[in-house]
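This report describes selected features of the structure shown below. Please keep the sequence and the model at hand while reading.

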Amino acid sequence: MMNPTSRVHPPVDTRPLAMRRRGRAYLQVAVLGISLFMLLPIYLISLAALSTRESLNRFPLSLLPTDVSFETLAAFLGSTGIVGAFGNSIIVGVGTLALSALFGIPAGYALARFAFAGKEPYQLFLLFTRALPIVVLSVPLAHLFLVAGIYDTTTGVILLHAALALPTTILISASVFLSVPRDVEEAARIFGCSPAGAFLKVVMPMALPGLAAASIFTFVMSWNEVLGASILTLDHRTLPAQVLTSLSDSPLAYRFAGGFALVVPSIIFIAFMRRFLTNMWGSTIR
Amino acid sequence: MAVESVLSAPALAVSVRPRRIPPAVWLIGPSIVFMAFLLGWPVVQGVLQAFRNEEGFTLEFVARMADDPYFWPAVRNTFLLIAVMIPLQFAFAIAMALLLRANPRFHKAHFFIWAIPLALSDLAAGLVWLAIFNDRGYLNSALSLVGLEGASWLAYDNQTALFVCVLIAEVWRSTSLVLVIVVSGLQGIPRDYDEAAQVFGAGFWQRLRHVTLPLLKPSLQVALILRTILAFQTFAVAQALTGQNFPLVVGETYRWYTGLQNPNVAAALALIILGASLVTSIFYLRALREKGQGN
């Protein structure tokens, strides 16, 4: 009798649904807008670094990659000291990483596993060292390193960077070791491992991913540090220090190429670290 | 066997005593020595350098520092930058973290993009924005494409524009640090609280003000301490964008040390940063403790 299509539906209030849809749309727009704000400057510095010197002198500048060329970048890489500075940056970064891991990982392990007298003051001390500005350390250290004969060497910069990175390394590795259950270590001991053996064969493999992320973080800190490196060196500068000291007497094209050379590695670093970003910064930083 | 153990017993007693040093000391000791040598000692030396000449205690370097025409502008700029930047970037970071929590499409990719500046130095950020803000840069180009007259954003006589340029570059670069800390803080808060508040009819702002932010307080505290200390050390971004036109305290230290070759005045300037960092850290820690007692 009654045709199903002609059945009268009760009136459905679609407003909440529409509101929700609109909310989702706004959300997407806001998120895309922020990503655009973050990416646009990186796009523009790449554009500037990858264009010819003539096209940089034109006005208005083209906002699209119309004439891509490696001329500016090649000139930057070919200018005095840049290749050496790249090398120095890598040496300093790796040296910092090694030194801070050497001192920091044992200390982090002790913080995670042992209760000892003075633990609280030690943690407070670590917090305090985080508040030490690089500039306070660099000027006196320059004097000390001059006396010790390691002024203007990568060793000096490594020592400064390792000292700066050490508190963070200790805190991060402590939190990494805390996430390795104590039970597995005890099990290894019961089955006859020495303490060192249990650490190396059982704890270390489990902690390694977190520690690797922490070391990339140390490397990035060293790679980016400008002030200390430029105060402690004259001829053996790291890349940022080299760029900083030649800023005032260099053409714009050189500066843009320098900026680009500093930006690219950081994107790679973040790509490596991204899985660890939140758990590294979350629980550990205190 | 028995003989052996009898023989070794006194030897053991002697050799055990030094071994009583707990393993923690062996693990932690080197780091303390290392930091005392490379962090503690330079601070002491820095104080001496700033307040001592050949004859003994002196305020000569402090006076020279204060007489420099760049000094007071540098102090003013540094504090102004912090006062404006910190609230601004915390508001941004919290908003960004809440947007991410609402689970937009591709939120992982967006988080990656927003975290990129985390690995950028302030020098790099300065150079990036120099490409945009310089007289013949991308901002003026874009303005002229839509038929507007550009401006000299980085001119010496326009301190407000300089300030805004440095501010934008620094907010762009350093907000990601706050973002990452806030995001990880949010991950630690169970959604139940928020949903419970929602069930009881709390609006968005009420939930933010009375549920989310109080639970985020520990993360915010850490982020505040870190960011403020790092913000006091801002200098390369201003150096890259403006040269000497927008002095900051750490930039002045650099200038006194490398340009004017006077490590003593540089040390005096560095102590201002040290003092400011310590005072703000203690202030934030105090604020945390007082609120902790209130709960």
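## A residue in helix 8 of chain B

Val166(B) is found in helix 8 (residues 159–187) of chain B; helices (H or I, at least four residues) and strands (E, at least two) are DSSP runs, numbered from the N terminus. With 27 C-beta neighbours inside 10 Å, Val166(B) counts as buried. A residue is buried if 20 or more other C-beta atoms lie within 10 Å of its own, exposed if 12 or fewer, and partly exposed in between, with C-beta atoms placed from the backbone.

Leaving aside residues up to four places away in sequence, Val166(B) touches Leu81(B), Val237(B), Ala238(B), Leu241(B) and Phe246(B). Two residues are in contact if their C-beta atoms, placed from the backbone, lie within 7 Å. Val166(B) and Val180(B) are 14 residues apart in sequence, and 22 Å apart in space from C-alpha to C-alpha.

## Basis of the model

The model is predicted: local features need pLDDT of at least 70, side-chain atom pairs count only at pLDDT 80 or more, and totals for chains, interfaces and linings use all residues. Residues are numbered from 1 along each chain as its sequence is written, while chains are lettered from A and ligands numbered from 1 in the order in which they are written.

## A loop in chain B

The loop between helix 4 (71–101) and helix 5 (107–115) of chain B contains Asn103(B). Phi of this residue is near 60°, a positive value in a residue other than glycine. Asn103(B) counts as exposed, with 9 C-beta neighbours inside 10 Å.

Phe106(B) lies in the loop between helix 4 and helix 5 of chain B. Although Phe106(B) is not a glycine, it has a positive phi of about 60°. With 13 C-beta neighbours inside 10 Å, Phe106(B) counts as partly exposed.

## Domains of the two chains

Chain B is divided into domain 1 (2–58) and domain 2 (62–294); domain bounds come from an automatic or database domain assignment. Their centres, taken over C-alpha atoms, are separated by 39 Å. Four residues from domain 1 of chain B and seven residues from domain 2 of chain B make the contact.

For chain A, the assignment gives domain 1 (14–72) and domain 2 (80–282). The centres of these domains of chain A, taken over C-alpha atoms, are 33 Å apart. Eight residues of domain 1 of chain A are in contact with seven residues of domain 2 of chain A. On the domain 1 side, helix 1 of chain A gives the most, with five residues.

## Two helices of chain A

How do helix 9 (residues 195–224) and helix 12 (residues 252–273) of chain A cross? Their axes come within 10 Å and cross at roughly 165°, where axes are lines fitted to C-alpha atoms, for helices over the stretch in contact, and angles run from 0 to 180 degrees between N-to-C directions. Helix 9 and helix 12 of chain A are therefore roughly antiparallel to each other; angles under 35 degrees count as roughly parallel, over 145 as roughly antiparallel, 65 to 115 as roughly perpendicular and the rest as oblique.

The residues in contact include Phe217(A) of helix 9 and Phe269(A) of helix 12 of chain A.

## Contact between the chains

In the contact between the chains, 72 residues of chain A meet 80 residues of chain B. Helix 1 (residues 15–49) of chain A provides the largest share of the chain A side, 13 residues.
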